[in-house]
Amino acid sequence: MELKDISVNIPILSKSVKEGENNKKIFESKKLLTINLISSPGSGKTTLLENITPILNEKGFPSLVIEGDIATTRDAERINKKDIKCVQINTHGICHLESKMIRKAFEQFNVEHEKILFIENVGNLVCPAEFYLGEHEKVAILSVTEGEDKPEKYPLLFKEASCILLTKVDLLPFLDLSEEVFISEIRKLNKESPIFLISKKNKNSYYKFVEWLIQKYSSIFGEVQ
């Protein structure tokens, strides 16, 4: 059988990109900085949100959260305990969130004075990096227990991320690894984006990321009076 190359000339993900751009227009009409959090399962995305949303609230940046999981509402229940408006998406087997899911979930919010929308994507280092949801920034989260080789194995996310969080750094002494090794591996792919070290045992470790979020908000929507 003769094999032929067929040129389609239409990106496979073009429909998703267009839907993502429409989402972004809606988010910006509400003056919402939108952050897509991407990581493996268990890296600490929900713990991060539990810890930074109260700080952001104190600084005048209340948040909304869209939780993405294949099943269960456990993460949304954790966020709701912080009095943060949260909508859960269950993908029922799909390994990533898509723009149309985000649009439908967002329509359930009564947006009042909130300034940041966090999207906690399904735990996966591959597919979520390929789908644009309308976010302003992608944030990659890597826990030290996953090993320093993950950036090289899953390069797209670490190349595209505007900010990278290295979590559970309090465990480094027990892993015979150093933060320098992780940072060196990340810098092979991304030389510019900031890297912040996070430990839930050190609440002060969240503040640099919080300040980065506030600076991003101000660069898009101006200073909050």
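**Figure 1. Glu211 and Lys59 in a salt bridge.** At 33% relative accessibility, Glu211 counts as partly exposed in this predicted model, and its side chain meets that of Lys59 in a salt bridge with an N to O distance of 3.3 Å. Because Glu211 belongs to helix α9 while Lys59 sits in the loop between α2 and β2 (63-69), the pair ties together parts that are 152 residues apart in sequence. Lys59 is likewise partly exposed, its relative accessible area being 39%.

**Figure 2. Glu50 and Arg78 between two helices.** The structure holds 11 salt bridges, and one of them joins Glu50 to Arg78, with the closest N and O atoms 2.8 Å apart. Glu50 lies in helix α2 and Arg78 in helix α3, so this pair connects parts that are 28 residues apart in sequence. Glu50 is buried, with a relative accessible area of 17%, whereas Arg78, at 30%, counts as partly exposed.

**Figure 3. Further salt bridges.** The side chains of Glu185 and Lys188 meet at 3.0 Å, N to O, in a salt bridge; Glu185 counts as buried at 15% relative accessibility, while Lys188 is exposed, with a relative accessible area of 56%. Elsewhere, a network of salt bridges links Lys85, Glu112 and Glu114.

Figure 4. Asn51 has its place in helix α2 and is buried, with a relative accessible area of 14%. Its side chain makes a polar contact of 2.8 Å with the side chain of Lys203, and, when neighbours within four places in sequence are left aside, Asn51 is in contact with Lys203 and Tyr206.

**Figure 5. The largest nonpolar core.** This core has 30 residues, among which Ile52, Phe118 and Phe209 touch the most other members. At least two residues each are supplied by β1 (33-39), α2 (45-58), α3 (74-80), β4 (116-120), β5 (137-143), β6 (163-167) and α9 (207-221), and the largest share, 7 residues, comes from α9. Not counting residues up to four places away in sequence, Phe118 touches a set of residues including Ile35, Leu49, Ile52, Val65 and Leu213. A second, separate core comprises 18 residues, among them Phe27, Leu97, Ala105 and Phe106. In soluble globular proteins, nonpolar side chains tend to be buried together.

Figure 6. Leu171, Phe174 and Leu175 make a nonpolar surface patch of about 290 Å².

How values were computed: Residues numbered from 1 in each chain as written. Predicted model: local features only at pLDDT ≥ 70, side-chain atom pairs only at ≥ 80, totals over all residues. Heavy atoms only, no water. Core = buried A, V, L, I, M, F, W, Y, C linked by side-chain atoms within 4.5 Å. Buried < 20%, exposed > 50% of the residue type's maximum accessible area, 1.4 Å probe, protein only. Helix = DSSP H or I, 4+ residues; strand = E, 2+ residues; numbered from the N terminus. Contact = heavy atoms within 4.5 Å. Polar contact = N/O pair within 3.5 Å; in protein donor to acceptor, adjacent residues only side chain to side chain. Patch = residues over 30% accessible without salt bridge, like charges linked within 9 Å, V, L, I, M, F, W, Y side chains within 5 Å. Areas by Shrake-Rupley, 256 points an atom, 1.4 Å probe, with all protein chains shown as cover. Salt bridge = Lys/Arg side-chain N within 4 Å of Asp/Glu carboxyl O.
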